[in-house]
Amino acid sequence: MSNQKVGVVGTGVMASGTIVLLICNRYPAVMLGRTQASCDRGMAAVHSSMDALIREGLMTEEHKQEALTYLTVTQRYEDLADCAVVFECAVETLDTKRDVMTHLEAVCPVDTIIGSTTSAISANDIAAFLTHK
């Protein structure tokens with residue numbers, strides 16, 4: 001997967017951490033939030049994580065600024081359509097995760113790899129109704 005675009009649905013701790021990992025390694029990434037406020041919180045978390053890396057001497061301000069050029073923030077599922085991989089990092093409720101998967105299935109090609117960060121819900125339950133398995 002030679003630096004293909006990666007999508008992340010969500011703006012919380014898991015999502016922002018995944019975004020930092022991706023963009024610091026020069027993967028173009030798209031972070032999808034439900035609202036502008038959630039997108040703003042996600043960006044604040046990304047900046048906070050990167051600033052902590054700078055304080056620890058693990059990153060420079062220049063690397064942070066370069067990494068941020070790899071990030072797109074959106075509220076539109078359609079912006080994930082050209083991602084090779086999409087990580088679902090939504091809140092841990094079955095209805096929310098199914099809603100996310102329904103939207104992803106509608107916009108992503110069948111060969112898109114879609115993963116979930118669920119810890120308590122069966123992946124089979126999340127994907128039970130999907131046609132692209």
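How many bridges join E4 to strand E5, and in which direction do the two strands run? Before I answer, please keep in mind that this is a predicted model, in which local features need pLDDT of at least 70, side-chain atom pairs count only at pLDDT 80 or more, and totals for chains, interfaces and linings use all residues. Residues are numbered from 1 along each chain as its sequence is written, and side-chain values use heavy atoms, with hydrogens and water left out.

Now to the strands, which, like the helices, are DSSP runs numbered from the N terminus (at least two residues of E for a strand, at least four of H or I for a helix). E4 and E5, the latter covering residues 113–116, run parallel and are joined by 4 bridges, where two strands count as paired if DSSP finds at least two bridges between them. Within this pairing, Phe87 has Gly115 in E5 as its bridge partner.

Let me turn to Met50, which lies in helix H2, residues 36–55, and is buried at a relative accessible area of 0%, where buried means under 20%, exposed over 50% and partly exposed in between, using a 1.4 Å probe and protein chains only. The C-alpha atoms of Met50 and His103 are separated by 30 Å.
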